[in-house]
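Today I am opening my notebook on a new model. Let me jot down what I look up as I go.

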Amino acid sequence: MRIRLPDLAATEALAARLAARARPGDAILLEGPLGAGKSALARAFLRAASGEPALEVPSPTFTLVQSYPLPGGVMAHHFDLYRLEGPAGLQELGWEEAREGIVLVEWPDRLGPLAPPDALRVSLAPDPADEGAREAVLRGWEGRW
């Protein structure tokens, strides 16, 4: 599915739609170059899923993972794997335990063979003709749309 996101509000609306459909055990893999909007989508997802529009969601660039409690006792885990060489360091980050909740992963290519085959892949790309706009391509979660 291709979706044009003309601005940040559209990205936030997509994130809210994803949050409404996510459930424990889900992985959302956020792909795209630097500046494509991966962190913005993850931040909006976590705010929508938590029901807290003002939730502080710092980028996990240096911590590599940030965890958030969601209603119903579910945990969401936001991974930024940019600084990882590959999947070797994931065990130390609690990857297996995190998979019991919802995981959002920036730079999912670093997961290697640990990438969940049933994940939702969201590929984001900036629109070179329209600053602030981007295109999202969603693959996965068949039957949820």
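Predicted model: local features only at pLDDT ≥ 70, side-chain atom pairs only at ≥ 80, totals over all residues.

Residues are numbered from 1 along each chain as its sequence is written, and side-chain values use heavy atoms, leaving out hydrogens and water.

Next I looked for aromatic pairs, and my search of the whole structure found 2 (Phe, Tyr or Trp rings, the six-membered one for Trp, with centres within 6.5 Å; planes under 30 degrees apart are stacked, over 60 edge-to-face, the rest tilted). Phe-79 and Trp-95 pair edge-to-face, at 5.2 Å between centres and 70 degrees between planes. Phe-79 sits in strand β4 (residues 75-80) and Trp-95 in helix α3 (residues 95-98), so this pair ties together parts 16 residues apart in sequence (DSSP runs numbered from the N terminus: helices are H or I, at least four residues; strands are E, at least two).

I then turned to Tyr-82 and Trp-107: their ring centres are 5.0 Å apart and their planes at 55 degrees, so I log the pair as tilted. Tyr-82 is partly exposed at 39% relative accessible area, while Trp-107 is buried at 15% (buried is under 20%, exposed over 50%, partly exposed in between; 1.4 Å probe, protein chains only).
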